[in-house]
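Here's a quick tour for anyone meeting this structure for the first time. Have a look at the picture, then read on.

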Amino acid sequence: MDWQQYEDYMLSYAKSYTITEFLGRATYNTYHYDTIVSCAKAYHDMRKNSPNRRVLVYAVCQPPNRELSVSLPVAPELLP
């Protein structure tokens, strides 16, 4: 399994999404969303209002073979 197949596999088991915003010197805001559509809308709205905001979208994934969830960064190009 290469990295792309692993990433696709993990993202197929995404149970929620988060946006993490870097505010400066170890200070972050985190916003939680149930669907990728609502997360993408919030992300695009944030970037539209302030293009220089440092935000990153994560998918919180939990495939059946793992006990703990795994957070994977989601590239902006993959957001709807």
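## Starting at one pair

Let's begin with a single spot: Cys 61 sits opposite Val 70, a residue of E4. Keep in mind that this is a predicted model.

That spot belongs to a bigger picture of pairing. Strand E3, covering residues 55–61, pairs with E4 in the antiparallel sense, and 5 bridges link them.

## The sheet

Now step back to the whole sheet. It's an open one made of 4 strands, lined up as E2-E1-E3-E4, with antiparallel pairing. At the edges you'll find strand E2 (27–33) and strand E4 (70–74); each has a single partner strand, so one side of each is left without a neighbour in the sheet. On average, neighbouring strands here are turned by 30 degrees against each other, ignoring direction.

What holds strands together in general? Strands of a sheet pair through backbone hydrogen bonds, in either a parallel or an antiparallel way.

## The helices

Helix H1, residues 3–11, lies across E1, E3 and E4, and runs at about 115 degrees to E4. Helix H2, residues 36–49, packs on the sheet too, where it touches E1, E2 and E3. The direction of H2 makes about 20 degrees with that of E1.

## A closer look at Thr 18

Strand E1 spans residues 14–24, and Thr 18 is part of it. Is Thr 18 buried or exposed? Its relative accessible area is 8%, which is under the 20% cut-off, so Thr 18 counts as buried.

Which residues does Thr 18 touch, leaving aside neighbours within four places in sequence? They are Thr 30, Tyr 31, His 32, Cys 39, Leu 56, Val 57, Tyr 58 and Val 60.

Technical notes. Residues are numbered from 1 along each chain as its sequence is written. This is a predicted model: local features need pLDDT of at least 70, side-chain atom pairs count only at pLDDT 80 or more; totals for chains, interfaces and linings use all residues. Side-chain values use heavy atoms; hydrogens and water are left out. Helices (H or I, at least four residues) and strands (E, at least two) are DSSP runs, numbered from the N terminus. Buried means under 20% relative accessible area, exposed over 50%, partly exposed in between (1.4 Å probe, protein chains only). Contact means heavy atoms within 4.5 Å. Two strands pair if DSSP finds at least two bridges between them. Axes are lines fitted to C-alpha atoms, for helices over the stretch in contact, and angles run from 0 to 180 degrees between N-to-C directions.
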